[in-house]
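Here are some notes on the coordinates you sent.

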Amino acid sequence: PFSHDKWLFVHNGLINEFARLHRDLAFAISPELFPHIGGSTDSELMFLLALTFGMEGDVRTGISRMAGFIEHAAEKHGIEDALQMTLGISDGESLFAVRYSTVGNSRSLFHSASRDATMEIAPEAGRFSRDARAIVSVPLRHLEGEWVPVPESSFVTITKGEVTCETFAPIAP
């Protein structure tokens, strides 16, 4: 997971042939955020690109523009199947999740239907509010009914226990 100011970001997936795209992606990061590159992972660059492309003002648009930029850069380099991502993002008030891949077959993603499922994965969750929810890649088998699958190409927002799920699509530069 990565953090910046109030933002937390976690990514499960990959940028195909990241080594070939690394330079182009890094140089697209805003000058203000560039000094925050601390590692060499595709996940960190995705986070900083999403911030660069406006995630702080509109999470869905920032993520869509980040994904579109990555796919555009991959296309310029002749790289197929550019992006595979399931994302978890929080601003401390809401939880956002994205399930997307260029080829339309990303890793699985689920959100908890209730606080009970959240408590199962985090027993200390008794300190969480009744509205607490979580996102996971794979639900615990004995609680499968407590986890709602997120459809492919979806953007999920969870605020105060209310869950909305919208279609997700990249926005090309």
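1. A pocket here is an open set of grid points, on a 1 Å grid over the protein atoms alone, with protein on both sides within 12 Å along at least five of seven lines. The model is a predicted one. Its second largest pocket has a volume of about 300 Å³.

2. The lining of the second largest pocket consists of 18 residues. Those that lie nearest the pocket centre are V10, G88, I89, L95 and I135. By class, the lining divides into 11 nonpolar residues, six polar and one charged.

3. Which strands supply at least two residues each to this lining? They are β2 (7-15), β3 (83-90) and β6 (135-136).

4. On the fold, the protein chain has four helices and nine strands. Their order along the sequence is β-β-α-α-α-β-β-β-α-β-β-β-β. Of the contacts between residues at least 6 apart in sequence, 58% join residues at least 24 apart.

5. S94 belongs to strand β4 (residues 94-101). Is S94 buried or exposed? Its relative accessibility is 10%, and the cut-off for buried is under 20%, so S94 counts as buried.

6. Leaving aside residues up to four places away in sequence, S94 touches I89, I158 and T159. One of these partners, I89, is also among the residues that lie nearest the centre of the second largest pocket.

7. S64 counts as buried because its relative accessibility is 4%, with the limit for buried set at under 20%.

8. What does S64 touch, once residues up to four places away in sequence are set aside? The partners are F168, A169, P170 and I171. For one of them, F168, the C-alpha atom is separated from that of S64 by 7.3 Å, although the two residues are 104 residues apart along the chain.

Terms used. Residues numbered from 1 in each chain as written. Predicted model: local features only at pLDDT ≥ 70, side-chain atom pairs only at ≥ 80, totals over all residues. Heavy atoms only, no water. 1 Å grid on protein atoms, 1.4 Å probe; cavity = no way out; pocket = protein on both sides within 12 Å on 5 of 7 lines; lining within 4 Å. Points joined across faces, edges and corners; volume = space filled by probe spheres on them. Nonpolar A, V, L, I, M, F, W, Y, C, P; charged D, E, K, R; others polar. Contact = heavy atoms within 4.5 Å. Buried < 20%, exposed > 50% of the residue type's maximum accessible area, 1.4 Å probe, protein only.
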